Amino acid sequence: MLATGDEAVTRNARIGLVLFTVYLLLYGGFVLLNAFSPETMERPVLAGVNLAIVYGFGLIVAALALALLYGWMCGPDELPASTPNATESTEPSQSEGDA
Amino acid sequence: MIYEASPVAVAVFAAFVAVTLGISFYLGGKAKSSQGYFAAHGQIPWFVNGVAFAGDYLSAASFLGICGMIAFYGYDGFLYSIGYLAGWIVALFVIAEPMKRLGKFTFADALDAQFQSRGIKLAAGISTLAVSVFYLIPQMVGAGVLVEPLLGFDHWVGVVMVGTVVIVIVVTAGMVSTTWVQFLKGSLLVVFSAVLTVMILARGFTVAEGGVDGHAFRTVGPVAEANLEAELQALDGFGEAKVVSPSGSWVGKPFVRVEVGSGDDGYVMVWSKSTTDDGRIVLREAQTETVEDGVPFVNGRKQTKEHDLHPVGTVASLEGGETESGSVGPLSFFSTLQKADVVLWGKEVVTEESGRKVTVYYQKPTPGNRILRPGEHPRFAGIRSDEPLKKLNFLSLMLALFCGTASLPHILIRYYTVKDAAAARKSTIVGIASIGFFYVLTLYLGLGAMTSGAMDVTNSNMAAPLLAKSMGEWLFAVISAIAFTTVLGTVSGLILASAGAVTHDLMANVMKVELADHQQVRVAKLASVVVGVIAIALGILFEDFNVSYLVGWAFSVAASANLPSLVMILFWKGVTKEGVIAAVVVGMTSSLGWILLSADSFQKVYGYSSTEAAEAALVPFSQPGIVTIPLGFLTLVVVSLLTKKNVPA
């Protein structure tokens, strides 16, 4: 019981970090493009709408898509709600060889 | 501008506040324990909590500040929208679930989970207070800004009203009622913004020479300098108009003063002057505002309802000489605007020898493709310069927005109102959906306001409500009331976060005051009243501040003080309590110090002119994030390594 709970926690954390990295790259690209090549942002790319707006909307849509993906991938892992003291499974911090 | 209260607006407004208070009193009876007061018994359904996130987060700054910034400068305000939303990704993927697992009531709980250190509680409690107070100021200022045109009251009355209502809400019911108020207001805000957006698209763009009051702004020329006066005199009512020769501080300014009429009826108005390539002159009607012996003057005459500043915000021309675009779609909205010309307004203060300050608002005809690109706002113009420091300032701001959200105490406490980590995750996803949708709308709302002909040239924070007013009195009333409840909700969340910090972190855990459960609640309520009163005072004091500017401070301080510890505790086993304390203290003081010593502060807080401020500033650029966030991480790592318990080698 305890092991599965911890596994779910680590797995979720790993998924979270991967998705976080994906978004960080998208956001970083947007910010750097704005800072170092603002002219690129003026170029119309979609139906006469410029890159600044398309990329901006894209970032918002991407945030939602990644969030939904995360929710779906994590799944209903914390289902064992029948054990109300699930919180106790978080292990106490290891005190390393302190006298 | 002079505003008159409208009965409809007042009625709708009163109804909103009454319902809000009603909910508070009704739910108040349900929260007697400290668990109920601070964390709503952990029983709020995740969907409600998710929308309440939106309620908490879409504060006065998001709604009023961003819309206003877009309405006055174009695309740049939308950069804030993007940054604010991106912050939620950090919250969801990195912070949300561990926060829920580690803590009980406050953010300090989570930091302190493995250490049980009074030092950490103290540092985290103080940083919670600092960030909350910083975040409170713009909310209170926003309240004043709203009440002024809506009810015709002075700024301070609005601030006091919000403060009082919020204190009542917080004292009666705590987190349960706050959450439900936030839920209600979050949904209303998103729904009505969507309605407004549909109306903007249906209305499309119309070419106009002036705003909704019917005044058409005049243009003279292009004409040779010698014929200027004659050309002016040809205007209706300008028979004896004279050009005043520039003197004192008007010399060298791109403005021309024109004396119209004579004797008691005479007045001096100002035009902005530009020169064409062949040396001829174009004059465009400007607007001025000044105060003489305590009496406000507008455009050279005493400010009255008849002689007031004219509303602005017009399309000068559309592609192919069209005068109306008809209704547009969500994408053709942008492509149409891209090919149009819009009149924006600039502002310059001229200080005359007598010490009288004249604020000149002048027309800036701007092509649509410039409005829809980044870098038009003075604060973002740096990205178009070749100076690396200015680009760094922009990067720093975007970093602070990215990191700040997940470190805001009033957002963090919302993770304790739901049942478990899964619910925390789900409510964050709902939050991202509603907030993201709203932020997409901000661009339409802002640009719609820009071309609505209803803008108050003196106050960008009013853009969204005035846009609604141009659509109809009812809509104005509803939008203003929602915006006001927005302020109410955010302020109550912040005050609760502060009260939690005071009672739970500082009193109970640092000073070790033994408090029975009901006493904790009583102390928290007392703390709420005190923080509320402080917020009222600061809201009155900071009246003239730009709302989003103040929020930028709060984000920087939150990110620098809180994020390093939050993240490192989750990912590095070597963190020590000394490391956490040092990181919080260093992050908080360095970011605060940086802000207070920056050119922005010298200009806006200490009243220097922009050139003086640039010289006096002790830091190279104004946004601290890019320096102080890494500094917080570095401090944490170094201090942790230095104070590490002896590990068996």
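Chain B and chain A bury about 4,100 Å² between them, and 73% of this area lies on carbon and sulfur atoms. Within the share that chain B buries against chain A, B:Phe93, B:Arg101 and B:Arg425 supply 16%, more than any other three residues. The model is predicted. This briefing covers the interface and then one residue of chain A.

**Make-up of the interface**
- The contact draws 44 residues from chain B and 45 residues from chain A.

**Polar and charged pairs**
- One salt bridge is found across the interface of chain B and chain A.
- B:Arg373 forms a salt bridge with A:Glu42, and the closest N and O atoms of the two residues are 2.9 Å apart.
- Between chain B and chain A, five residue pairs are in polar contact.

**The side of chain B that touches chain A**
- Helices H5 (76-102), H11 (332-338), H13 (388-404) and H15 (421-450) of chain B each supply at least two residues to this side.
- H5(B) gives the largest share, 13 residues.
- By residue class, this side of chain B consists of 30 nonpolar, six polar and eight charged residues.

- A:Met41 belongs to helix H2 of chain A, which spans residues 38-42.
- A:Met41 counts as buried because its relative accessibility is 0%, and the cut-off for buried is under 20%.
- Leaving aside residues up to four places away in sequence, A:Met41 touches several residues of chain A, including A:Phe30, A:Leu33 and A:Tyr55, and also B:Pro374 of chain B.
- A:Ala52, also touched by A:Met41, is 11 residues away along the chain, yet the C-alpha atoms of the two residues are separated by 4.7 Å.

Technical notes
Residues numbered from 1 in each chain as written. Chains lettered and ligands numbered in written order. Predicted model: local features only at pLDDT ≥ 70, side-chain atom pairs only at ≥ 80, totals over all residues. Heavy atoms only, no water. Contact = heavy atoms within 4.5 Å. Buried area = accessible area lost by both parts, 1.4 Å probe. Salt bridge = Lys/Arg side-chain N within 4 Å of Asp/Glu carboxyl O. Polar contact = N/O pair within 3.5 Å; in protein donor to acceptor, adjacent residues only side chain to side chain. Helix = DSSP H or I, 4+ residues; strand = E, 2+ residues; numbered from the N terminus. Nonpolar A, V, L, I, M, F, W, Y, C, P; charged D, E, K, R; others polar. Buried < 20%, exposed > 50% of the residue type's maximum accessible area, 1.4 Å probe, protein only.
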